[in-house]
Amino acid sequence: MVSEIAEFDILIIGGGLAGLTCALHLSKSTNKRIALIEKYSYPHHKVCGEYISNEVILYLNNLGIDPIAEGAKNITNFELSTVNGKKLKTKLPLGGFGMSRYAIDDLLYREVRKTTHMIFDTVTTVEFSSERFTVHTQLKSVYKATYIVGAFGKRSNLDVFLNRKFIQKKTPWMAVKAHYEYNFPEDTVALHNFKGGYCGLSKIESGWVNACYLATVSSFKKYKSIETFQKKRLSENKHLKHFFETAILKFEKPLTISQISFEEKEPVENHIFMVGDSAGLIHPLCGNGMAMAIHSAKLFSELFIQNKQGRATLEETYANAWNNTFSGRLKAGRRIQKLLLNPYSSAISYRVIRLFPSLIPWIIQKTHGSPIQ
């Protein structure tokens, strides 16, 4: 039995950083009927690095969101270690803040629900005909919308339904994340390399350390379990060895996600405007994925508000703006990842950076933008 059909001007699919930011921006700047569909109730944890560049802090403040007032940690320093444990330190060009997805998503949600129709359900199909979308959900609801924003993350069943190119390709990456009690400087984000991946450490609003690592599935398989993998493989790096031997796990067990794809995606597909990871995913080692998700929501929202020439013009304008803003960062991220994961090139890079330490801030700037208003 299908419920009564609800109609909206804009329907946002996905309630992560990009979807929530988009809903908040549009609701503050238009009188459009906006709905957001999200699978899970708030708050909930997600596999994520939980470091956010200050690229977006002024913009969030302008939307009425103040992470620092909610306990987010100011982060100004960066540490990098090679597979064999050699460490480099530097100041971050812009700096950032540490805040869990559990906290920041809930903070955004509490604002969004004041003005946006929230729907907790799973979208199964999206069809476009006669300039209107029809959306069906798992709970047998049907929604109509003039515009749809896709904010459904790194990988979704909707990507399969929409037959997106990247979803057809196998990917070797998986990620693991958990919170730990550990003595770690709250002004620092660290990136520690190990054979087959890298692990980020930074403090969040609770005072705990978020540890999130990306690894190839092939490097993980022979160890059978996360605990063994961390003990045997990650601990080859002495800094990670000390962390996992002494840190106290605050989750019942770590969260995992697989089939992470860094393939190129289109910012507009099937007339759906993709934001956040749905439009493109930067390598986590760059530490800029959360800021990019927020920035892409701003990009779409402003263009939507300004657009007076209809759907086709908006699609072209947004695609161009997204590529101009982010494609260079994604390419830089791919190059940096290849460099760091190759032991030979990683060793050479370390020696070069030791001689020219100013290279690290320069490299970081290649994957980050300027502060946005």
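In which loop is Pro43 found? Pro43 sits in the loop between strand 2 (34–38) and strand 3 (51–53), with helices (H or I, at least four residues) and strands (E, at least two) taken as DSSP runs and numbered from the N terminus.

All of these close-ups come from a predicted model, where local features need pLDDT of at least 70, side-chain atom pairs count only at pLDDT 80 or more, and totals for chains, interfaces and linings use all residues. Residues are numbered from 1 along each chain as its sequence is written, and side-chain values use heavy atoms, with hydrogens and water left out.

**View A. The cis bond at Pro43.** Going from Tyr42 to Pro43, the peptide bond is cis, with omega near -5°. Most peptide bonds are trans, and most residues other than glycine have a negative phi.

View B. Gln259 isn't a glycine, yet its phi is positive, about 55°. Look for Gln259 in strand 15 (residues 255–260). Gln259 is partly exposed at 31% relative accessible area; here buried means under 20%, exposed over 50%, and partly exposed in between (1.4 Å probe, protein chains only). Asn270, another residue other than glycine, has a positive phi near 55°. Asn270 lies in the loop between strand 16 (268–269) and strand 17, and is partly exposed at 40% relative accessibility.

**View C. The Glu7 and Arg132 salt bridge.** Glu7 pairs up with Arg132, and their closest N and O atoms are 2.6 Å apart. Glu7 belongs to strand 1 (residues 6–13) and Arg132 to strand 8 (residues 132–137), so this pair ties together parts that are 125 residues apart in sequence. Both ends are partly exposed: Glu7 has a relative accessible area of 42%, and Arg132 comes in at 23%. The structure holds 19 salt bridges, each counted when a side-chain nitrogen of Lys or Arg is within 4 Å of a carboxyl oxygen of Asp or Glu.

**View D. Lys89 with Glu79.** In this salt bridge the closest N and O atoms of Lys89 and Glu79 are 3.8 Å apart. Lys89 is in strand 5 (residues 87–98) and Glu79 in strand 4 (residues 73–81), so the bridge ties together parts 10 residues apart in sequence. Lys89 is exposed at 61% relative accessibility, whereas Glu79 is buried at 11%.

**View E. A loop-to-loop bridge, Asp277 with Lys154.** The closest N and O atoms of this salt bridge are 3.5 Å apart. Asp277 lies in the loop between strand 17 (272–274) and helix 8 (289–306), and Lys154 in the loop between strand 9 (142–150) and helix 4 (157–161), so the pair ties together parts that are 123 residues apart in sequence. Asp277 is buried at 18% relative accessible area, while Lys154 is partly exposed at 22%.

**View F. Inside the largest nonpolar core.** This core has 74 residues, and among those with the most contacts inside it are Ile12 and Phe300. A nonpolar core is a set of buried Ala, Val, Leu, Ile, Met, Phe, Trp, Tyr and Cys residues joined through side-chain atoms within 4.5 Å. Helix 8 supplies the largest share of this core, 10 residues.

**View G. Cysteines without disulfides.** Zero disulfides are counted, a disulfide being a pair of cysteine sulfur atoms within 2.5 Å. For Cys22, the nearest cysteine sulfur is that of Cys48, 18 Å away. Cys22 is buried, with 0% relative accessible area.
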